[in-house]
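Hello,

Here is the structure for you to take over.

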Amino acid sequence: MNKKMIKIEMLSTGDEILYGQIIDTNAAWLSQLLFQEGILMTARHTVGDDLTQLICTLKQHSLDNDIIIVNGGLGPTSDDLSAQAAALANHESLILHQEWVYKIEQYFSNRGKTMPPSNIKQAMLPQSATLIDNPIGTACGFKMQINQCLLYFTPGVPSEFKEMVKTSILPEIKLSFPTLEKKLCYRLMTMGQTESDLATQIDSKLNIPTDIVVGYRAAMPMIELKLTGPELQKNKMDELWQQIKSIVANNFLYEGVLTQHGDLGLAMLVSRILLEKDQTIAVIEQQSAGVIAHQLFECEAPLVKSEIVPLFLEESKAYFLDILTKYRADIVLGLVNFRERNTEFTLIIATSQQFLKFNLRYTGRQQNRHITQKILCAIALDALRRYLENIPIIGTNVWLDLIE
């Protein structure tokens with residue numbers, strides 16, 4: 001295998017992935033893990049539960065790659081076809097691996113059950129295959145060669161897949177690569193500026209070497225900004241990163257990745273600040289329909305009250321003070337009084353000492369209900385973050401006007 005030209009692909013299998021019924025989190029996780037190890041995945045591909053298509057894909061893609069990690073299709077049911085497809089693609093038979101039968105039997109015995117006959121299928125592997133242990137499940141991983149390409153077959157269950165990759169597959173893959181310098185990737189989230197505006201400012205003010213890349217990812221209503229480059233350039237990247245953070249300071253939300261669930265990053269940050277300051281919170285919502293409270297709850301915020309109220313609730317100080325007293329909340333966050341086709345609304349932050357009220361207008365283009373709720377949630381959480389950090393509560397935002 002030519003170490004300098006190595007190509008690695010992930011092949012995800014299953015109708016549920018192909019048709020978008022579930023999100024392929026395994027592929028994203030593997031890409032990121034390999035990147036952190038200085039290994040760049042060259043391609044990702046998805047194929048459904050069709051034996052002919054699987055065989056064709058394995059044959060063709062094994063001609064173009066040095067390593068393929070195949071994910072899914074190792075279960076005991078009729079639509080789990082990876083082992084059969086691999087055998088037929090390599091013109092060989094499936095054989096019973098008795099040692100794995102014993103492993104499956106022990107798995108069920110330890111749980112006080114008898115192995116179903118259908119699980120025998122999970123020990124039927126291609127003749128040339130070498131077993132890869134699965135310490136937490138019944139799906140046996142295996143590796144084999146097709147057309148001089150090394151293929152690793154892995155279960156689709158995320159916990160089993162990740163364990164197999166980390167303990168067995170990644171150490172072997174790293175031996176196939178030359179010594180590579182790890183890539184560095186700095187990340188931050190902004191809100192309130194367009195992707196093009198951010199790019200214009202950064203490109204005009206910074207001189208960025210060709211081996212360092214600034215990237216942007218829109219995740220409405222936020223923009224993620226990334227700086228990627230070789231570890232050898234760390235000092236230069238650190239310098240550039242400080243300059244970038246200075247450029248986006250008015251729209252900066254947080255640095256790094258606070259959670260694997262991108263929508264919850266801001267909620268996670270606010271939750272941490274509330275916990276650090278020992279502050280409990282109640283949330284009163286209308287059009288956001290409980291999304292703000294749900295995100296805070298998912299991030300284990302000290303949430304003591306969540307309520308969805310009718311439209312045109314009178315946002316009186318007495319109402320919010322009553323919530324503070326009744327539920328022993330330190331802060332009440334309100335997003336109420338929607339008007340003018342829901343583009344205008346009132347944001348309230350109330351404590352026993354303050355009653356802060358902001359009439360706001362969202363001027364961005366109309367979105368579907370789900371995205372609109374995400375936008376409203378982000379506006380409210382960012383305002384709460386700013387309040388907790390003692391900075392101006394309504395930040396610079398090209399899509400948001402403060403109505404006097």
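Helix 12 (residues 369-388) gives the most to the lining of the second largest pocket, with 5 residues. Helices (H or I, at least four residues) and strands (E, at least two) are DSSP runs, numbered from the N terminus. This is a predicted model, in which local features need pLDDT of at least 70 and side-chain atom pairs count only at pLDDT 80 or more, while totals for chains, interfaces and linings use all residues. Residues are numbered from 1 along each chain as its sequence is written, and side-chain values use heavy atoms, with hydrogens and water left out.

The second largest pocket holds about 280 Å³ of space. Its lining has 14 residues, and those closest to the centre are Asn342, Gln366, Gln367, Thr372 and Leu376. By type, the lining divides into 4 nonpolar, 7 polar and 3 charged residues. A pocket here is an open set of points on a 1 Å grid over the protein atoms alone where a 1.4 Å probe fits, with protein on both sides within 12 Å along at least five of seven lines; lining residues have an atom within 4 Å of a point. The volume is the space filled by probe spheres set on the points, which are joined across faces, edges and corners. Ala, Val, Leu, Ile, Met, Phe, Trp, Tyr, Cys and Pro count as nonpolar, Asp, Glu, Lys and Arg as charged, and the others, Gly among them, as polar.

The whole structure has 14 salt bridges (a side-chain nitrogen of Lys or Arg within 4 Å of a carboxyl oxygen of Asp or Glu). One of them joins Glu344 to Arg361, with the closest N and O atoms 3.2 Å apart. Glu344 is in strand 16 (residues 344-350) and Arg361 in strand 17 (residues 355-362), so the pair ties together parts 17 residues apart in sequence. Glu344 is buried at 13% relative accessible area, whereas Arg361 is partly exposed at 29% (buried is under 20%, exposed over 50%, partly exposed in between; 1.4 Å probe, protein chains only).

Lys103 and Asp133 also meet in a salt bridge, at 2.7 Å from N to O. Asp382, Arg385, Arg386 and Glu389 are linked in a network of salt bridges.

Last, the loop residue. Asp278 sits between helix 9 (265-276) and strand 13 (281-285) and is exposed, with a relative accessible area of 65%. Its C-alpha atom is 8.9 Å from that of Asp330, 52 residues apart along the chain.

Regards
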